[in-house]
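Me: I would like to learn how to read a few features of a protein model, one at a time. Could you take me through them, giving the general idea and then the case at hand?

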Amino acid sequence: MDLLRGHAPCLANPVDARLVRKRILVLGSNFAGFTAALTLKRLLGAAHDVVVVSQNDEFTFTPALVRVLFGLRDRTHLGFAVRPAFDRAGVVFKQMPVTRIELGEKYILTAVGREDYDYLLIATGAVSDFDTVKGLHPKDGHNHSIMTWDEAHRARAAFDELILKPGPVVVGVVQGGWHFSVAYELALGLAGALQRRGLGRRVPLTFVTPEPYLGHFGVDGVNTSRQTIEKLFHEAGIEAIVNCSVKEVAPEQVLLDDGRSLPSAFSLLIPAMRGVDVVRRCRDIVDAHGFVNVDHGYQTLLYQEVFATGSAVATGASSGVPVPRGVPKSGYFAEESARVAAYNIAASINGARHVHLSPIEIDAKGIVDAAIGPDLHVEPKSEPTRALAAVVPGLNGHWANTAYMRYFSKRTKDP
C-alpha cells in the first residue's frame, strides 16, 4: 500500500517508548489477523510483544472454497499452517478460543486463562448468519453452504448425488449478503460442470440475488459487468431473479417473499454475515450485526487502545433499496485495513500521527472464475463509481484466477 510503504511510525520520545514494553493482542489469524501481526512485529521489533490468539492454526484461502465443490481444490491447496511464519517473525501464537473480551479492564478470557493487553486488534472475521432465513442452515437439510472447508466438502458430496439424480438447482445470495463474486462463480461453475456431464439444459438452474441487476456486485457494477454477466447467464441457460428476497428454504423448494416457489433438488444460497459471538457481546462498540464500529484509522471511538480490521469491521449496508444487501469485504480489503490498523497501533505506542484510509479508498481486487467461458473480474475500489475495472471473458480469466491464488498464498505464507 503506497500510503505506508517505505516508512514506519517515527518515535516522538524514543527513550520513553522503549522503557515501557507494550503487549498487543491480535484476535484472529486469517487474512486480517495474519497480516496485522506480521506488520506489527515488523514495525515494533523486539521492543514490544505481539501475541496472536486464534482457535485456528491454519490460514484458509476462503474465496477459493467454491472450487472444492467442483473437485478443483483440496485442503492442501487452500491453506497453510500459520505457526511457522509467526515463529520466524517473533510473533507469539496461542491456539485457543476466546470466550470473553473485557474492554474496560483490558483483558480477554480464553479456554485456558486470562490474557492482558495494552492494545487489542480484533481481526476475528465474520460468520454466516443462517438465522435470517428459515431453513437456510445446512443442518436443516435443505440448503448447502461453502463458507467453511467442512461446508464446502459436504456440498461437494451433495453435488455428486445431484449428478446421479438430476433435478432443479437454485443458487445465489440471500438478502443482506455480500458474497456476490463467489455466487457468480458458483452459478457459472455449476452450469459448466453440468454441461460437461451431459446434463446442461436438462437441469434448470436459477440464480437469486438481492442485487438490482446482474453484475451489480453490491457496488453498482464494474464497467461492463452487467452486460457481460447477463450474456454469460444467457449462454449458460441460467434464469436470474434480481431484487429477490428469500422467505424460506424448504424441502425440494425455495420460497420467495413475493409468493413464488422455486423447485429445487439442490440449493446453495449464500447467507448474510455477522460478527463472531464473542465480539457481538461487546455491545458498546458493535453495530446491530456484531461488526465493530471504527474510524478510518480502524480505531474504535470508545476505546483508544482497541482497533478492528477486515471482515470484523462495520462498513455500513445499503439503504433505500427494495432488498437489503451487504457491502463486499474482500481478502484484499482485510489485508490493507490490517496494515493501516497495525501502523496506527505502532504510531500510538511511538507517539506518531495516525494515518487514515477509508474502506471506499481501498482496492477490492478479486477474480471470478467461470468454469464455462471463464471471466476476469477486477474491482479497484469499494465505492459505487469506478475509475478502472474489467470483466474479461475467456480462458485467460481461469488462469488469472489460478495465478492470483498461488501468488497470494505464496506471498502470505512467506512474507
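Reply: Let us begin with burial: a residue is called buried under 20% relative accessible area, exposed over 50% and partly exposed in between, using a 1.4 Å probe and protein chains only. By that scale Cys 244 is buried, with a relative accessible area of 4%, and Cys 282 is buried too, at 5%. Please keep in mind that this is a predicted model, in which local features need pLDDT of at least 70 and side-chain atom pairs count only at pLDDT 80 or more, while totals for chains, interfaces and linings use all residues. Residues are numbered from 1 along each chain as its sequence is written, and side-chain values use heavy atoms, with hydrogens and water left out.

Me: How many disulfides does the structure hold?

Reply: A disulfide is a pair of cysteine sulfur atoms within 2.5 Å, and the structure holds zero of them.

Me: How should I read a sheet, and in which order do the strands of the open sheet lie?

Reply: Strands (E, at least two residues) and helices (H or I, at least four) are DSSP runs numbered from the N terminus, and two strands pair if DSSP finds at least two bridges between them. Here three strands form an open sheet in the order 6-7-8, with antiparallel pairing. Strand 6 (98–102) and strand 8 (114–116) are the edge strands, each pairing on one side only. Strand 6 is joined to strand 7 (residues 107–110) by four bridges, and Arg 100 stands opposite Leu 109 in strand 7.

Me: What is an aromatic pair, and how many does the structure hold?

Reply: Rings of Phe, Tyr and Trp (its six-membered ring) pair if their centres lie within 6.5 Å; planes under 30 degrees apart count as stacked, over 60 as edge-to-face and the rest as tilted. The structure holds 13 such pairs, among them the edge-to-face pair of Phe 34 and Phe 80, at 5.7 Å centre to centre with 75 degrees between the planes. Phe 34 lies in helix 2 (residues 31–44) and Phe 80 in strand 4 (residues 79–81), so the pair ties together parts that are 46 residues apart in sequence.

Me: Which charged residue lies over the face of Tyr 107?

Reply: A charge sits over a ring if NZ of Lys or CZ of Arg is within 6 Å of the ring centre and within 35 degrees of the ring normal. Over Tyr 107 lies Arg 114, at 3.8 Å from the ring centre, and Lys 329 lies over the face of Phe 291, at 3.7 Å from the ring centre.
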